[in-house]
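My notes follow in the order in which I looked things up.

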Amino acid sequence: MWKEGIFALFLLTAALQDIRRRSIDLWVFLLFAFLGILFCFLDGEDGLKRILGCLTGGGLIFVSRAAKDGIGRGDGFFFVVSGFYLGAVKNLELLFYGLITAAALGGILILTSKKGERNLRNTAFPFIPFLVPVWIGMMIL
């Protein structure tokens with residue numbers, strides 16, 4: 001239960017910083033990565049499962065570099081750290097459902113904007129806050 005609480009604190013801290021500044025401080029990643037690794041050792045969990053969970057974030061960082069930062073590198077770093085808490089499958093679920101939630105909002109913005117009144121071509125919004133309701137849903141189900 002402690003691990004879920006610490007991860008929730010990490011998620012909320014990252015989401016708030018992402019909303020306010022469109023970036024997340026390095027100390028947040030370092031602190032919660034350290035705690036995630038510590039929990040892996042204390043719980044005696046299979047470290048390979050956790051490292052595989054971090055590959056999700058590594059893939060996002062690779063895509064971010066290939067897209068010339070079209071996708072935020074901070075999102076990739078977030079999923080590297082979350083891999084220590086969630087493992088591979090849950091981390092991919094969080095990413096997948098977060099993408100669906102963000103795409104739904106994007107679709108709503110497109111449908112509700114009046115043609116010609118608002119140019120949505122360069123509209124960007126932070127991704128990490130979309131993970132908060134997804135995480136809550138994952139915890140309930």
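**Notebook: helix packing and selected residues**

I began with α1 and α4, whose axes come within 11 Å and cross at roughly 135°; axes here are lines fitted to C-alpha atoms, for helices over the stretch in contact, with angles that run from 0 to 180 degrees between N-to-C directions. That angle makes α1 oblique to α4, since angles under 35 degrees count as roughly parallel, over 145 as roughly antiparallel, 65 to 115 as roughly perpendicular and the rest as oblique. The helices are DSSP runs of H or I with at least four residues, numbered from the N terminus.

I noted that this is a predicted model, in which local features need pLDDT of at least 70 and side-chain atom pairs count only at pLDDT 80 or more, while totals for chains, interfaces and linings use all residues. Residues are numbered from 1 along each chain as its sequence is written, and side-chain values use heavy atoms, with hydrogens and water left out.

**α4 and its partners**

I looked up the handedness and found that α1 passes α4 in a left-handed crossing, meaning that the near helix is turned anticlockwise from the far one by less than a right angle. On the α1 side, K3, I6, F7, F10, L11, A14 and D18 meet D75, F78, V81, S82, Y85, L86 and L94 of α4, where contact means heavy atoms within 4.5 Å.

I then turned to α2 and α4, whose axes come within 7 Å and cross at roughly 20°, and these two helices are therefore roughly parallel to each other. α2 also passes α4 in a left-handed crossing.

**The nonpolar core**

Which residues touch the most other members of the largest nonpolar core? I found that they are F7, F78, Y85 and L94, in a core of 31 residues; such a core is a set of buried Ala, Val, Leu, Ile, Met, Phe, Trp, Tyr and Cys residues joined through side-chain atoms within 4.5 Å. At least two residues each come from α1 (2-21), α2 (26-43), α3 (47-66), α4 and α5 (131-140), and α4 gives the most, with 9 residues. Leaving aside neighbours within four places in sequence, F7 is in contact with F78, S82, Y85, L86, L94 and W135.

**Single residues**

Is N91 buried or exposed? I found N91 in helix α4 (residues 73-112), and N91 is buried, with a relative accessible area of 0%; buried means under 20%, exposed over 50% and partly exposed in between, using a 1.4 Å probe and protein chains only. Its side chain makes a polar contact of 2.5 Å with the side chain of S82. Beyond neighbours within four places in sequence, N91 is in contact with G53, T56, F79, S82, G83 and L86.

K90, also in α4, is partly exposed, with a relative accessible area of 39%. I checked K90 against W135, which is 45 residues apart from K90 in sequence and 9.8 Å apart in space, C-alpha to C-alpha.

A14 in α1 is buried at 0% relative accessible area, and, its neighbours within four places in sequence left aside, A14 is in contact with I24, F78 and I128.

Last, I looked at R22 in the loop between α1 and α2, where phi is near 60°, a positive value in a residue other than glycine.

Notes
Polar contact = N/O pair within 3.5 Å; in protein donor to acceptor, adjacent residues only side chain to side chain.
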